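Subject: Handover of a structure and findings

Dear colleague,

Please find below the structure that I am handing over to you.

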Amino acid sequence: MELKRVVVTGFGAITPIGNNAKEYWENLKKGESGAAPITLFDSTNFKTKFASEVKNYDPLNYFDKKEAKKMDRNSQFGQIAAREAIAHSRLIEDNVNKDRVGVIWGSGIGGLETFETEVLGFAESNGIPRFNPFFIPKMIADITPGNISIEYGFHGPNYTTVSACASSANALIDAKMLINLGKADVIVCGGSEAAVTASGMGGFNAMHALSTRNDDPKTASRPFDKDRDGFVLGEGAGCIILEEYEHAKQRGAKIYAELAGGGMSADAHHMTAPHPEGLGAYLVMKNCLEDAGVTADEVDHINMHGTSTPLGDIAESNAIAKLFGEHAFDIQINSTKSMTGHLLGAAGVIEAIAALHTIIHGIVPPTINHFTDDEKIDSRLNFTFNTAVEKDVNIAMSNTFGFGGHNACVLFKKI
């Protein structure tokens, strides 16, 4: 059986550095940081008092009041990114067969704000269970693709992938495979997260996972820097329209790139720490190259997972050096988490959008906030520190790794 090709025909985003895909890309190129003091709750007593929140966000700019009350912030972000991507792709205008359009979405946590609000409300109610009737449907992670399909009448495959921070990258890979096999013509694919809450921040602080650089939030996310001290929590959503190549050509859609490869692996090592030798990271990139039928020396760019954690950055860097050999030093590498913070389950898709744009525009955004080299990381690797670089990119990869040892990698190729 000959596998069908999968291409990108649209995208949308709402992020800490841009409330649509165009703003997001422009601020990536500029090296803008989205980190700032927390406004969503009182962080006075927290170890970390900053995060990368979506700026100037009012749900009533996107939803009517009744609709907004039925949706967690996480779902709202997902709906917004999907609407932009669907409009961008002209799916509705071209009257595609909605029975052959699916929605696959990733979220690492789901409706955390709703869960927190309802449980705290119960705790303060003297044991009387006065729960909101929308508590469960607002909270569950799979409600976002459900809501998207309801809005547009898409009847194809519809579900959520959950693999912590790899969730939306896994959604892209699942969507690719379903289209490869002819199970759908189009899949609206992405991820969302909204975990900047008291329990989200408190939980990650308890793990010592977050930066505590409260005196200078904008430089707190510093991947590969010797003085990195943890990641910056972010929120938002991204969406990519994946489509079967011949179907896209037939309707005259604009094709931005081909999603040629997807790789998956497990560290099988620890609940939260990466494999010390980067074994899972090495395997996932190797698997992705094999799936795409691409050799290591053809890769021009890698958007690394690069969270700014002491162990993770070293393991991933070592994996790249091992897999790509001497060619590793010719690859333009970056970590856009230095600007957006870590969007958890939405990280995979917004970073895939960034990698996709390097192919479209021939520009690799920087890894900002680099001050001091880490002697444990090979200095010959080109991390695109502090300034964007113009580069003709034909093949771009994006890595995403999650707690539990879940690893996912996607590869885009210029058409």
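The notes below go from the domains to the pocket, and then to individual helices, loops and residues.

Please keep in mind throughout that this is a predicted model.

Domains

The domain assignment divides the protein into domain 1 (7–251) and domain 2 (261–413). Taken over C-alpha atoms, the centres of domain 1 and domain 2 are separated by 21 Å. To the contact between them, domain 1 gives 65 residues and domain 2 gives 66 residues.

The largest pocket

The largest pocket holds about 540 Å³ of space. Its lining is made up of 35 residues, and those nearest the centre are Thr-272, Pro-274, Thr-309, Gly-312 and Phe-403. Two or more lining residues come from each of helix H10 (279–292), helix H11 (310–324), strand E13 (395–402) and strand E14 (406–413). The largest share belongs to H11, which supplies 6 residues. Sorted by class, the lining has 18 polar, 13 nonpolar and 4 charged residues. Both domains take part, since at least three lining residues are drawn from each of domain 1 and domain 2.

Helix H1

Helix H1 spans residues 21–30, and its buried residues are Ala-21, Tyr-24, Trp-25, Asn-27 and Leu-28. In an α-helix there are 3.6 residues a turn, so residues three or four places apart point the same way. The buried residues of H1 pack against strand E1 (6–14), helix H3 (73–89), helix H12 (337–340), helix H13 (347–361) and strand E11 (363–364).

Both ends of this helix deserve a look. At the start of H1, a side-chain oxygen of Asn-20 comes to within 3.1 Å of the backbone nitrogen of Lys-22. Just after H1, Gly-31 has a positive phi of about 80°.

Two loop residues with positive phi

Most residues other than glycine have a negative phi. Arg-90 is not a glycine, yet its phi is positive, at about 60°. Arg-90 sits in the loop between H3 and strand E4 (101–106), and its relative accessible area of 45% makes it partly exposed.

Asn-369, likewise a residue other than glycine, has a positive phi near 65°. The loop between E11 and strand E12 (389–390) contains Asn-369. Is Asn-369 buried or exposed? With a relative accessible area of 8%, Asn-369 is buried, because the cut-off for buried is under 20%.

Ser-149 belongs to helix H6 (residues 143–152). Its relative accessibility is 14%, and Ser-149 therefore counts as buried. Which residues does Ser-149 touch, not counting those up to four places away in sequence? They are Val-103, Phe-154 and Asn-158. With Asn-158 there is also a polar contact of 3.5 Å, which joins the side chains of Ser-149 and Asn-158.

Leu-120 is a residue of helix H4 (residues 112–123). Leu-120 is partly exposed, at a relative accessible area of 46%. Between the C-alpha atoms of Leu-120 and Ser-317 there are 42 Å, and the two residues are 197 residues apart along the chain.

Ala-396 has its place in strand E13, one of the elements that line the largest pocket. Its relative accessible area is 0%, so Ala-396 is buried. Setting aside neighbours within four places in sequence, Ala-396 is in contact with His-301, Ala-355, Thr-358, Ile-359, Val-410, Leu-411 and Phe-412. From Ala-396 to Ala-184, 212 residues apart along the chain, the C-alpha separation is 25 Å.

His-305 is located in the loop between strand E9 (301–303) and H11. With a relative accessible area of 8%, His-305 is buried. His-305 touches Cys-165, Glu-316, Ser-335, Lys-337, His-342, Asn-399, Thr-400 and Phe-401, where residues up to four places away in sequence are not counted. How far apart are His-305 and Ala-166 in sequence and in space? They are 139 residues apart in sequence, while their C-alpha atoms are 9.5 Å apart in space.

With kind regards

Methods:
Residues numbered from 1 in each chain as written. Predicted model: local features only at pLDDT ≥ 70, side-chain atom pairs only at ≥ 80, totals over all residues. Heavy atoms only, no water. 1 Å grid on protein atoms, 1.4 Å probe; cavity = no way out; pocket = protein on both sides within 12 Å on 5 of 7 lines; lining within 4 Å. Points joined across faces, edges and corners; volume = space filled by probe spheres on them. Helix = DSSP H or I, 4+ residues; strand = E, 2+ residues; numbered from the N terminus. Nonpolar A, V, L, I, M, F, W, Y, C, P; charged D, E, K, R; others polar. Domains from an automatic or database assignment. Buried < 20%, exposed > 50% of the residue type's maximum accessible area, 1.4 Å probe, protein only. Contact = heavy atoms within 4.5 Å. Polar contact = N/O pair within 3.5 Å; in protein donor to acceptor, adjacent residues only side chain to side chain.
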